[in-house]
Amino acid sequence: MMVYLGTSDTFLFLALDAKTGKEKYKVKANGYIYSSPAIAGNTTYFGDFTGKLFALDLNSHGKSRHEFSTESGKVNQQL
């Protein structure tokens, strides 16, 4: 069993072994991750503080399936 979480201090999405707490893998986002990830099938979805949404494949150690930048995120990056 795995535990999935995002961090606000290191911009990381972490996959941890629920029994041992040992890190299985990590994926670097572009900003703070304040939300809990949502899981559907073998994909997890989460957003970061820059307005980017991520979809990661849980079976391939967090390989990116898709990334999407919101319109507000695009505008704020230009400021």
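Predicted model: local features only at pLDDT ≥ 70, side-chain atom pairs only at ≥ 80, totals over all residues.
Strand β2, covering residues 12–17, pairs with β3 in the antiparallel sense over five bridges.

β2 and β3 belong to an open, antiparallel sheet of three strands, in the order β1-β2-β3. β1 (2–6) and β3 (23–28) sit at the edges with a single partner strand each, so one side of each has no neighbour in the sheet. On average, neighbouring strands here are turned by 15° against each other, direction ignored.

Next, the inside. Nonpolar side chains in soluble globular proteins tend to be buried together. Here the largest nonpolar core is made up of 11 residues, among them Tyr 4, Phe 13, Tyr 25, Phe 46 and Leu 58. β2, β3 and β6 (52–57) each supply at least two residues of this core. Tyr 4 is a handy one to follow: beyond its neighbours within four places in sequence, its contacts include Phe 13, Tyr 25, Pro 37 and Leu 58.

Then there are the rings. The count comes to seven aromatic pairs. In one of them, Tyr 32 and Phe 49 have ring centres 5.7 Å apart and planes at 65°, so the pair is edge-to-face. Tyr 32 lies in the loop between β3 and β4 (38–40), while Phe 49 is in the loop between β5 (43–47) and β6, so the pair ties together parts 17 residues apart in sequence. Tyr 32 is partly exposed at 35% relative accessible area, and Phe 49 counts as exposed at 59%. Elsewhere, ring pairs link Tyr 4, Phe 13, Phe 46 and Phe 54 into a cluster.

Technical notes: Residues numbered from 1 in each chain as written. Heavy atoms only, no water. Pairing = 2+ DSSP bridges. Helix = DSSP H or I, 4+ residues; strand = E, 2+ residues; numbered from the N terminus. Axes fitted to C-alpha atoms, helices over the stretch in contact; angles between N-to-C directions. Core = buried A, V, L, I, M, F, W, Y, C linked by side-chain atoms within 4.5 Å. Buried < 20%, exposed > 50% of the residue type's maximum accessible area, 1.4 Å probe, protein only. Contact = heavy atoms within 4.5 Å. Phe/Tyr/Trp six-rings, centres within 6.5 Å; stacked < 30°, edge-to-face > 60°.
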